[in-house]
Amino acid sequence: LSKFIYFLLGIFYSKKKMQNYYKNGYLFIDEFLSQEKFLKIKEEFNKIIEKERKGRNTYAQSDLEKNSSINYILYEFEDNNENKVLYPELYSLYKDTSVYNFFQLAERKKKINLYMRLERVITNDQLKNDSNSYWHVDTYHNTHKAWIYLTDVKKENGPFNYLKGSNRLSVSRLIWEYYNSIKSSIDKDFLPFFTHKNLSKKLEEKKIEFACKKNSFLIANTHGFHRRGDAITGQIRDGVSFYTRENPYKFF
């Protein structure tokens, strides 16, 4: 039903410039910001991340990632006066209508709640015991995330991996989701949005790996299969991420 509603919304909100996004599940733009704006944003980003690091005495970890191969420093950038005064360039980015418009077109809705997060991702080891290193989808309906990368993304520091076109509806996908929903209702430890090993091997053969230069913009439909790429110990990746998860049954 959620996928059918998304299809209907396409009658009203689909745009020609987003056709490849709807088809492939991602849109990539090089040199997204002016060089001057990019450098100011990176400077403010480093100030916040260093402040967060010192305040916690260690790299912050998600509660879901204890003993993880990945450490994070994460900062949810909120719409408040302190951020507006101290970090004007990041605040301007947070309010940037061009980013907001991409998400409107991706969601096919006019009014959405868009969030912005600063992310530093540090690789502890190569054991791959963090959940995002495995092929998964975020949820059962179309939902979207984007990144502006502040450092070069190389193969060594775990670029975003995506299966082109896996955001689209198919009979096999419906069967997979329905089977997993039944299994997860029986086994509470079962993760319904993660793939099994045989399926994961097939995805590895067809994946797209987004190694890219700093100041690149990537938006992806994370209803499609994706994962964090394998990184080398000690690698660091910085970026500003945007995300939303709208109610799939809300038309307008």
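The largest cavity has a volume of about 80 Å³. This is a predicted model, where local features need pLDDT of at least 70, side-chain atom pairs count only at pLDDT 80 or more, and totals for chains, interfaces and linings use all residues. Residues are numbered from 1 along each chain as its sequence is written, and side-chain values use heavy atoms, with hydrogens and water left out.

Some terms come first. On a 1 Å grid over the protein atoms alone, a cavity is a set of points where a 1.4 Å probe fits but cannot get out; a pocket is an open set with protein on both sides within 12 Å along at least five of seven lines; lining residues have an atom within 4 Å of a point. Points are joined across faces, edges and corners, and a volume is the space filled by probe spheres set on them. Helices (H or I, at least four residues) and strands (E, at least two) are DSSP runs, numbered from the N terminus.

By this rule there are three cavities of 30 Å³ or more. The lining of the largest cavity includes S2, I5, Y6 and L9. Helix α1 (residues 2-13) gives the most to this lining, with four residues. Other lining residues include E107, K109, H141 and E246. By class, the lining of the largest cavity holds four nonpolar, four polar and three charged residues. Here Ala, Val, Leu, Ile, Met, Phe, Trp, Tyr, Cys and Pro count as nonpolar, Asp, Glu, Lys and Arg as charged, and the others, Gly among them, as polar.

The second largest cavity holds about 50 Å³. Its lining is E119, V121, W147, Y149, R237, D238 and G239. β9 gives the most, with three.

Now turn to the open spaces. The largest pocket has about 1,000 Å³ of space. Of its 35 lining residues, R117, N132, H136, D138 and K145 are the closest to its centre. β2 (70-77), β3, β4, β8 (226-228) and β9 each supply at least two residues of this lining. The lining divides into 15 nonpolar, eleven polar and nine charged residues.

The second largest pocket has a volume of about 330 Å³. Of its 14 lining residues, L163, S172, L199, L203 and F225 are the closest to the centre. The largest share of the lining, four residues, comes from α8. Helix α7 supplies at least two.

Follow α7 next. This helix (residues 171-186) has 16 residues and reaches 23 Å from its first C-alpha to its last, close to the 22 Å expected at 1.5 Å a residue. The expected span is 1.5 Å times one less than the number of residues. R173, W176, E177, N180 and S184 of α7 are buried. Buried means under 20% relative accessible area, exposed over 50%, partly exposed in between (1.4 Å probe, protein chains only). Seen down the axis of α7, the buried residues fall within an arc of 95 degrees, so they line one face of the helix. The arc is that of the directions from the helix axis to the C-beta atoms. The face turned away from the buried side carries exposed V171, I175, Y178, Y179 and I186.

R108 has a positive phi of about 65 degrees although it is not a glycine. R108 lies between α6 (97-107) and β3, and is buried at 9% relative accessible area. N215 has a positive phi near 75 degrees. N215 sits in the loop between β6 (208-209) and β7 (217-221), and is buried at 1% relative accessibility.
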